[in-house]
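Okay, thanks for coming, everyone. Let me put the chain up on the screen, and then we'll walk through it together.

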Amino acid sequence: MDFSEEYADICGVYCVFYHGTGASAGTCAEKCGAVGDKVLQRDHIYAICDPTHGVINVLTEMLGISAQQWLYDEKLALGAVIVMGIWKGIGYYMTLFLAGLNNIPAYLYEAAKIDGANAIQCFKHITLPMLKPVTFFIMITGVISAFNVFEQVNVMTSGGPMNSTTTIVHQIY
């Protein structure tokens, strides 16, 4: 399967959720406003958060919860932007934590076991203190990236509804 066939399959699944029918890459490009071989990112976000055909609302309706207007309700829009920001960075942060866990020497755990420490004590007295530098780095970079939130707000809501998702960086823009 070459890239264009794979793209058509992805686009067809996207169109089932967003437009209600499967479509070829060309048809989806016409409906979704494709740029070259890529459908606009904004349309994909709306495919997830759309109030009527969005993936999240389809799943919540299966659970018996009524559909929400995730990006159009001023009370929910900021939460949707925050969840997307967490989703965007969680892989990076998890990779850093895994690297930090791999750098903890095994002999510390072996010595603690010989001294009679259980798993909770090992976690409290070995793992957490050894992960402090990684945790500090993640907290600092997380705060910096929180102040640099622009593309999420601009793509998802353009600062609305009622300026509920406007940030300092978006105001400067």
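So, the chain has ten helices and zero strands. Helices here are DSSP runs of H or I with at least four residues, strands are E runs of at least two, and both are numbered from the N terminus. Read from the N terminus on, the order is simply α-α-α-α-α-α-α-α-α-α.

Before we go further: this is a predicted model, where local features need pLDDT of at least 70 and side-chain atom pairs count only at pLDDT 80 or more, while totals for chains, interfaces and linings use all residues. Residues are numbered from 1 along each chain as its sequence is written, and side-chain values use heavy atoms, with hydrogens and water left out.

How much of the chain is buried? Of the 173 residues, 25% are. Buried means under 20% relative accessible area, exposed means over 50%, and partly exposed is in between, using a 1.4 Å probe and protein chains only. The chain exposes about 11500 Å², with carbon and sulfur atoms supplying 67% of that; those areas come from the Shrake-Rupley method with a 1.4 Å probe.

Now contacts, meaning heavy atoms within 4.5 Å. If you take contacts between residues at least 6 apart in sequence, 46% of them join residues at least 24 apart.

Let's look inside. The largest nonpolar core has seven residues: Cys49, Leu71, Ala80, Val81, Val149, Val153 and Met156. By nonpolar core I mean a set of buried Ala, Val, Leu, Ile, Met, Phe, Trp, Tyr and Cys residues joined through side-chain atoms within 4.5 Å. In soluble globular proteins, nonpolar side chains tend to be buried together.

Next, find Asn57, in helix α4 (residues 55-62). Is Asn57 buried or exposed? Asn57 counts as buried because its relative accessible area is 0%. Skipping neighbours within four places in sequence, Asn57 contacts Cys49, Asp50, Pro51, Ala67, Gln68 and Trp70. Cys49, remember, belongs to that largest core.

Last stop: Phe137, in helix α8 (residues 132-147). Phe137 has 39% relative accessibility, so it counts as partly exposed. Apart from residues up to four places away in sequence, Phe137 touches Tyr92 and Leu96. And the C-alpha atoms of Phe137 and Tyr93 sit 9.7 Å apart, though 44 residues separate the two along the chain.
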